[in-house]
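Thanks for coming. I will go through one structure this morning, starting with its sheets and ending with its pocket.

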Amino acid sequence: MSTATDTARPTIRDVARLAGVSIKTVSRVINDQQYVSAEKKARILEVMAETGFQPSHAARALAGHRSHQIALICDNPNPWYIYEIQLGVRERCARDKIRMIAQPYDRASPTLLEDITALIDQASPDGLVLAPPACDDQRVLDELKRRGIPFARLQPGLRVEEGPSASIDNDGAAFDMTSHLLTLGHRRIGFIVGDRSYAASGQRLAGHIRALGAAGVELDMALIRQGQFDFASGEAAADALLSMDAPPTAIFASSDDMAAGVLAAAHRRGIRVPDTLTVVGFDDGPTARLVWPALTTVRQPVRALADAATDLLLSPPAEGAAQQRRLPHELVLRGSSAPPGGG
């Protein structure tokens, strides 16, 4: 048998190709995990010996010298969202006596990949949980696969089949909320899109548009405004929508922080909510209950999602079993929504 290359150091991809198995199967053998048949394991070990495959992280894990810690890579303008993710990851890690390293990062940083690889080299985590938008950064995914480092993705929007992941149906959740507004009688519905770097933003917009189409309501692109998932962008988008000659009777902001900004813009203009304007959000964090009136919103189980993603990392499903977990969302109806004119 010829080796993968005569000059370059063999990679986990080379071992998988020569053994005729998936990279995940090789990773499981490297980390001495279950769910690999004795025949496949023997074949993989044979290829590893023949090629001289011995990456440092894999060698350490194979020898039983694991770091017993995983890294959470996260970035979001909402502190509550990040806190809930951290709690979910940490609580699942605690059940296996695993330490969590939380590594915030700037999604716009040109050194994102270098920062993550530096963390891997310095802390030697046994795996990573990738929160959005890092979970959709192909450079990061490719580097982790090249190194043979297990990872799980939280709310991925691209290539969902690439690695284990936990998510909600963002498209379906937005469809349900917009359908609720239509059922109340609203036809001019403003929509504030979240940060473009998050796949969930496009998914929620798609669900909103789909609900309009299902109800036979013509899409007016002037009613769609760009936001950044934060209060200021929600307020600015609301000002633009409420300045229209024919303003919307309802505004659906795709995060609670942006919805709070909509409420501020409405209050500043003397617009009564929900008598004149219905405002709804997405998340159901503390903001939804602290503003006045309390927000009608989509509840996404952020902590449970983080727990599920971490569980997939620490307890990988058997080969061939589902690698993706879909958790339910829920509409929470409060005082900020009513039929047009207050009903």
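Start with β9 and β10, which pair in the parallel sense over four bridges. In that pairing, G281 stands opposite T297 in β10. Strands here are DSSP runs of E with at least two residues, helices are runs of H or I with at least four, and both are numbered from the N terminus. Two strands count as paired if DSSP finds at least two bridges between them.

Before going on, a word on the source: this is a predicted model, in which local features need pLDDT of at least 70 and side-chain atom pairs count only at pLDDT 80 or more, while totals for chains, interfaces and linings use all residues. Residues are numbered from 1 along each chain as its sequence is written, and side-chain values use heavy atoms, with hydrogens and water left out.

Back to the sheet. β9 also pairs with β8, residues 250–253, in the parallel sense over three bridges, and A250 stands opposite T278 in β9. On the other hand, β10 and β12 run antiparallel, joined by three bridges; there V298 has L331 in β12 as its bridge partner.

What is the order of the six strands in this open sheet? It reads β7-β6-β8-β9-β10-β12, and the pairing is mixed. β7 (224–226) and β12 (330–332) are at the edges with a single partner strand each, so one side of each has no neighbour in the sheet. Neighbouring strands are turned by 20° against each other on average, direction ignored. For angles, axes are lines fitted to C-alpha atoms, for helices over the stretch in contact, and the values run from 0 to 180 degrees between N-to-C directions.

Helix α8, residues 170–184, lies across β6, β8, β9, β10 and β12, and runs at about 165° to β9. Contact means heavy atoms within 4.5 Å.

Now another open sheet of six strands, with the order β2-β1-β3-β4-β5-β11 and parallel pairing. Its edges are β2 (99–104) and β11 (324–326); each has a single partner strand, so one side of each is left without a neighbour in the sheet. The twist averages 15° from one strand to the next. Inside this sheet, β3 (residues 127–130) and β4 (residues 151–154) pair in the parallel sense over three bridges, with V129 opposite A152 in β4.

Helix α5, residues 79–95, packs on the sheet and touches β1, β2, β3 and β4, its direction making about 165° with that of β1. Helix α6, residues 112–123, lies across β1, β2 and β3, also at about 165° to β1.

Next, charges. The whole structure has 27 salt bridges, each a side-chain nitrogen of Lys or Arg within 4 Å of a carboxyl oxygen of Asp or Glu. One of them joins E46 and R43, at 3.6 Å from N to O. These residues are about one helical turn apart, because they lie three residues apart in helix α3 (residues 38–51).

Last, the largest pocket. It is lined by 21 residues, of which I23, K24, F151, G163 and P164 lie nearest its centre. Four lining residues come from α2, the largest share, and α13 (302–314) supplies at least two. That is where I will stop.

Key:
On a 1 Å grid over the protein atoms alone, a cavity is a set of points where a 1.4 Å probe fits but cannot get out, and a pocket is an open set with protein on both sides within 12 Å along at least five of seven lines; lining residues have an atom within 4 Å of a point.
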